[in-house]
Amino acid sequence: MPETVVMETAAVAAAEKNRMSPSQEEQELQREYALAAERREKAIQLAQSGDSLMVRDARLIMGDNFIGLDFAIRRFGLVATSAEIDALEFVPYAEDTLYELKDSFILVALPPVDFVGIRQGAWKERKAIRGDFSYDEESFASRKMGVRWCLVSREIARNSLFHSKADQQKTVFANPSYERLGAAEMAYVITAHLLMTGQRIFRSVAALTSDSIFTLEKGRRKEWGVFVGFNDPEFGIAVGTCPADRPMTNIGAVVSVRSAIPMDDEPIVGEAVE
């Protein structure tokens, strides 16, 4: 058989194979929709049992302490997919929980944006997130937040200041209902709340996040915890690192109440417009 015929036959076979099997992008999109549908079904069940709320009801309860997905669309240029919108259709917290925490916690819909995107969005709004730009090379800076609802405290936990990260885990986060958020999540909550209300939370303190940077010192691996806070009117929001293994002045833990919908799977992610 002539070589050209063999090559054409192989090309036709390859094209047929590609046509029959979904691309990686299609498989990922199908997976995102399946996850969103599963979470939406769980949220509907919770709503029927009184453990979940419609967004409009949650907004009325929380007032200025409510940050919806519409904020990220308007102010950060987010392009939300239908899967992401469906995933946030219901707020997975009981009405009683929101009424109890409405003055001390912020209910926020986390968008699929990374730390760098948050800083760029803040800069466009003439709000600064200050810190060493070399952090952009760290993995935490490019990690996109999972699309979900979070209920985040407006204050540092009282028994967390001057304690190491490990000690905070043993005390504050011993409660299984609490979780520690990452740098992107905390930067978004503080920035979005400032842009929405003009109020500066965490002015003289900072939150030690779940993110860390590791270095080698004298042949030993050293952990540096990433903090977000010190929300100064002149210089903006600070992002930095501190030793995770010894007490830290004015840097403590901020709790986020876990929702009634487990987030054990991979988060749904989308893309933001530059």
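The legends below describe close-up views of a predicted model.

In this predicted model, local features are reported only at pLDDT of at least 70 and side-chain atom pairs only at pLDDT 80 or more, whereas totals for chains, interfaces and linings use all residues. Residues are numbered from 1 along each chain as its sequence is written, and side-chain values use heavy atoms, with hydrogens and water left out.

**View 1. The open sheet of five strands.** Strands and helices are DSSP runs numbered from the N terminus, a strand (E) having at least two residues and a helix (H or I) at least four, and two strands are said to pair if DSSP finds at least two bridges between them. An open sheet is formed by 5 strands in the order β6-β11-β10-β9-β12, and the pairing in this sheet is mixed. The edge strands, each of which pairs on one side only, are β6 (129-130) and β12. In general, strands of a sheet pair through backbone hydrogen bonds, either parallel or antiparallel.

View 2. Strand β9 (residues 206-217) pairs with strand β10 (residues 220-232) in the antiparallel sense, over 9 bridges. Along this pairing, Ser212 stands opposite Gly225 of β10, and Thr215 stands opposite Lys222 of β10. The two strands β9 and β10 form a hairpin with 2 residues between them, and Lys218 in the turn has a positive phi of about 55°. Strand β9 is also joined by 2 bridges to strand β12 (residues 251-252), and these two strands run parallel; here the bridge partner of Ala207 is Gly252 in β12.

**View 3. Two loop residues with positive phi.** Most residues other than glycine have a negative phi, and most peptide bonds are trans. Phe202, a residue other than glycine, has a positive phi near 60°, and its place is in the loop between α10 (183-197) and β9. Relative accessible area is described here as buried when under 20%, exposed when over 50% and partly exposed in between, using a 1.4 Å probe and protein chains only. Phe202 counts as buried because its relative accessibility is 5%. Asn250 likewise is not a glycine and has a positive phi of about 60°; Asn250 is found in the loop between β11 (236-243) and β12. With a relative accessible area of 31%, Asn250 is partly exposed.

**View 4. Salt bridges around Asp70.** A salt bridge is taken as a side-chain nitrogen of Lys or Arg within 4 Å of a carboxyl oxygen of Asp or Glu, and by this rule the count comes to 9 salt bridges. In one of them, the side chains of Asp70 and Arg59 meet at 3.6 Å, N to O. This pair links distant parts of the chain, with Asp70 in helix α4 (residues 69-75) and Arg59 in helix α3, 11 residues apart. Asp70 also forms a salt bridge with Arg74, the closest N and O atoms being 3.1 Å apart; both of these residues lie in helix α4, 4 residues apart, about one turn of the helix. Asp70 counts as partly exposed at 30% relative accessibility, as does Arg59 at 36%, whereas Arg74 counts as exposed at 54%.

**View 5. The Lys102-Asp103 salt bridge.** The side chains of Lys102 and Asp103 meet in a salt bridge with an N to O distance of 3.6 Å. Lys102 counts as partly exposed at 25% relative accessibility, while Asp103 counts as exposed at 60%. Elsewhere, salt bridges that share partners join Arg59, Asp70 and Arg74 into one network.

**View 6. A patch of negative charge on the surface.** Asp57, Glu95, Asp96 and Glu100 gather in this surface patch. Such patches are made of residues with over 30% relative accessible area and no salt bridge, like charges being joined within 9 Å; Asp and Glu count as negative, and the place of a charge is taken as CG of Asp or CD of Glu. Accessible areas come from the Shrake-Rupley method with a 1.4 Å probe. Helix α6 (residues 95-101) gives the most to the patch, with 3 residues. Asp57 is found in helix α3 (residues 55-62), and with a relative accessible area of 31% Asp57 is partly exposed.

Key. Patches are made of residues with over 30% relative accessible area and no salt bridge: like charges are joined within 9 Å, nonpolar side chains (Val, Leu, Ile, Met, Phe, Trp, Tyr) within 5 Å.
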